[in-house]
Amino acid sequence: MPTDLRINGKTHQVNLPDDVPLLWVLRDEVGLTGTKFGCGVAACGACTVHIDGEAVRSCQVALSDVWGEVTTIEGIGTPDAMAAIQQAWVEHQVAQCGYCQSGQIMQAASLLAANPAPSDAEIDEAMQGNLCRCGTYPRIRAAIHSAAQKMQEA
Amino acid sequence: MASFKKIARRSFLIGSAAIVGGVAFGAYYVSRPAPNPLKPAEGEAAFNPFVMISGEKITLIAPRAEMGQGVHTTWAALIAEELDVTLDQVEVIHGPAATAYYNAALLGEVIPSKGYDKSRFMHSLGEALGHAGKLMDMQVTGGSSSMKDGYERMRAAGASARETLKLAAANRLGIASSQLSTRDGKVIAPGNIEIAYTELAAEAAGLEPVEAQLRHRSEWKLLGKAQPRVDMPGKATGTAKFGIDVRLPGMKFAALKANPHLGGTMNGFDASEALQMPGVEQVVDLGNAFAVVANNTWLAIQAAEAVAADWGPAPIPGTQAEIQDAIRAAFDAEPNSTLRDDGDVSALPQGAQEISAEYEVPFLAHATMEPLNATALYDGSKLQLWSGNQGPLLTRNHCADALGIDPEQVEVNTPMMGGGFGRRGELDFSVYAAKLARQMRGTPVQLTWSREEDMTHDFYRPGAMARMRGAVKDGSAVLLDGQIASQALPPQLMSRWFGMTPAGPDTTLVDGAFNQPYGIPNYRIRGHAAELQVPIGAWRSVGASFNGFFMESFMDEMAHAAGADPLEFRLALTRQEWAPAAKVLEAAKEMSGWTGKTADGVGRGVAMTYSFGTPVAQVIEVAEEDGLIRLRKAWIAADLGVALDPRNLEAQMFGGMAYGLSAAMFGEITFAEGAAEQGNFPDYDAIRMRTMPEVEVRILEEQTHISGAGEPGTPPAAPALANALFDLTGKRARRLPLMHDFDLLI
């Protein structure tokens, strides 16, 4: 029985068992590889996507439980038309290996949607679940502040 | 890609070569400071292609693994500086596996010399290169060596290409080259004539490459300034392609499972239940592991758990205590090395106060963010491999061996790496994927490790112990006698890479201890190799990752015993030995406003480690908040000799420190029945947004040679933090991870 999913504004029919996590539907079935596999147990945040605007760990959401419209990193901007938050990431040269950054950006985007001017403590709180083994945190923090400012000015 | 591969081999012999509609430029390899063993020693000419220009575009080849350190951008900038192109005009690619891309600088790192002592270094390097029979397979990214290796020859490659393009333009216009200049990918002639390099490609292809002088630093336009990283837009938009993102038509997804009892055999398995599970297509025997092949990675991982395998025991002591005993027992055996023996440590200088301390650090996993994976397609004669690896030639050769085919029949594609830290210099993941593809002829397959499989099948940073004895007098150190016990890395790594076991002392075991720029008159360091079969590998900064902690913790203990300020204590000892080390300490002192005093509830620690040619000083400040200890601020000063990209170097420095802090605070792998007991981030956590200190970095250029960046930020992190904890609590940290003995904020 195929499942219909709305992802980045498009409908996809998926033929996979109900319990396959959204992460693996996106990566191996739909071909959206921007969302990353890091741990499979919601401990690293690399797989963060939005469902109806809320940041979730896609490794923990079963296909049959997807309750709304899914947005992935590919859905918020492209290299030629980046979202403000992605521009801030480039401006601050955040990424090193870059593997965790899709998840970092999706987590930060949902933070900024809920809180347009987060404090350092609020950034700590919101971003604590997103691991970066390269240690890019100082630049992630700077990029979030910078994006917040730009989005408020816009 | 096929024609490109041909070029890489051919132009190795002839310098530059025509390609379809374009030209590939080479640069004569000027090996410094030792003679080039390829040419003078063996009568060969070695030309390496790093610049390709076709009618459409300019491509620069950066044949080093991009695993986050920004090597593609800075490598390309070295070429672009002399070629007179901007980085947004060019495409930067990793390119194929090729002998022409070997790394000479890395070999210099294995030599038992202090390093900061230049004349000894050069002498030893010459000797070592003369015996480096395996040089040709060393297209390896590691040892913080890329910029040391590429600094001169990549600029030479760019300069030669530029002058050859000018000659092509001069021939076309019938004027002398000297009347021409170059700018932004164009040759400029009198009368406002501009000819794009791409237009000249075909004509330049027929010319002998022109040699050119390198520009003086004062003329640099790109180098020395921050360049936007070429991989940044892709990494900010999810479009950068990592190994795990490779997608091929008809590709299957597979999960690996190997014996958790490391080094044990696989005596058989029952896959009947797994084969009934959804999406599963087959379970393939890979000798000492199996792979479940499915239409989805997650389904494959689930099914792998359902396979009942008969695993043989590991050739490793059964308990963690026995493993530690085996390391400790090495102290009683003859030393593997005594690479420093200054003065006489046997006698206590008159009036000196003796102190001693023992330290211990655990095994560590690399835990790259991107779990291990590789993708392969075998058509019956030729293997195509996509593998995020740090050694394309070794990868090619080992995959060829595993399949019984010629190395020329293996094409290695090297995508972006979600972290390497040394793990991706290993060959296991590539070889497993190749073996799997052999049994799936004509069907591409991606083999992925679960996080648990990755963490429990690492080549670990070895556990290590130190027995330190020292003496202080009149506020300074007069004696340091250290013994380090750990497993030796070269016998394992060289055996895996080349099938041979090197003889002689193991430099890596004592790196970061024997070669520290401290003018202590009686200074001896002995290494003791432990007899253990735990799989170990190169982990960011290798031996310096533990010796930095041993040395700099003990330096702090000696300073304390001497009644001296720990920063001034180090300053006095470095000033007399090697000025750049003193300069980084002075910079850290100034940046942090170090006074030797801290407010109640605040502690500060300092550490300085010289590794991979680079002295790095770090000051870390901790504070007690609500009964927990938080890392508040860090200051880092490093001397790179030549700062090619200051912003990227800053990232390497604080990133290296973060990697060291993660391990110092939380990192620990223990073994039971030869199996790692930690499998995922909840058991093996790392520093996170809340726990990362605010950080300031200063890059100095005092020393005469360009030095390494990727690793030297790591070793001083643990001791700087441990020394800060002592300052705050009065309790010495003599073992890691610190979470066992201190109430750290997590």
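In this predicted model, Ala367(B) sits in the loop that links β15 (353-361) to β16 of chain B. Its phi is positive, at about 50°, even though Ala367(B) is not a glycine. Most residues other than glycine have a negative phi, and most peptide bonds are trans. Is Ala367(B) buried or exposed? Ala367(B) has 29 C-beta neighbours inside 10 Å, so it counts as buried; the cut-off for that label is 20 or more.

Asn192(B) belongs to the loop between β7 (186-189) and β8 (193-196) of chain B. Here, however, there are 6 C-beta neighbours inside 10 Å, and Asn192(B) therefore counts as exposed, since the limit for that label is 12 or fewer.

Stepping back to the whole chain, 20 helices and 28 strands are found in chain B. Of its 746 residues, 61% count as buried. Among contacts in chain B with a separation of 6 or more, 78% join residues 24 or more positions apart.

Seven of the strands build an open sheet of mixed pairing, in the order β11-β12-β9-β19-β16-β17-β18 (chain B). Which strands stand at the edges? They are β11 (280-285) and β18 (410-413) of chain B; each has a single partner strand, so one side of each has no neighbour in the sheet. From one strand to the next, the twist averages 20°. At the β18(B) end, β17 (residues 383-386) of chain B pairs with β18(B) in the parallel sense over four bridges, and Leu385(B) stands opposite Val412(B) in β18(B).

Helices pack on this sheet too. Helix α11 (residues 392-403) of chain B touches β16 (373-378), β17 and β18 of chain B, and its direction makes about 140° with that of β18(B). Helix α12 (residues 428-438) of chain B lies across β9 (252-258), β11, β12 (289-294), β16, β17 and β19 (445-448) of chain B, running at about 35° to β16(B).

Two further helices of chain B can be looked at on their own. Helix α19 (residues 646-666) of chain B has 21 residues, which at 1.5 Å a residue should span 30 Å; its end C-alpha atoms are 30 Å apart, so the two values agree. Most of α19(B) is covered, with 19 of its 21 residues buried. Helix α5 (residues 146-173) of chain B contains Ala159(B), which counts as buried because it has 22 C-beta neighbours inside 10 Å. Setting aside neighbours within four places in sequence, Ala159(B) is in contact with Glu82(B), Ala212(B) and Leu214(B). The C-alpha atoms of Ala159(B) and Gly174(B), 15 residues apart along the chain, are separated by 22 Å.

Finally, there is the meeting of the two chains. In all, 49 residues of chain A are in contact with 52 residues of chain B. On the chain A side, the elements giving two or more residues are α1 (22-30), α2 (73-76), α3 (84-91), α4 (101-114), α5 (120-127) and α6 (137-153) of chain A. The residues on this side of chain A divide into 27 nonpolar, 17 polar and five charged.

Technical notes. Residues are numbered from 1 along each chain as its sequence is written. Chains are lettered from A and ligands numbered from 1 in the order in which they are written. This is a predicted model: local features need pLDDT of at least 70, side-chain atom pairs count only at pLDDT 80 or more; totals for chains, interfaces and linings use all residues. Two residues are in contact if their C-beta atoms, placed from the backbone, lie within 7 Å. Ala, Val, Leu, Ile, Met, Phe, Trp, Tyr, Cys and Pro count as nonpolar, Asp, Glu, Lys and Arg as charged, and the others, Gly among them, as polar. Two strands pair if DSSP finds at least two bridges between them. Axes are lines fitted to C-alpha atoms, for helices over the stretch in contact, and angles run from 0 to 180 degrees between N-to-C directions. The expected span of a helix is 1.5 Å times one less than its number of residues.
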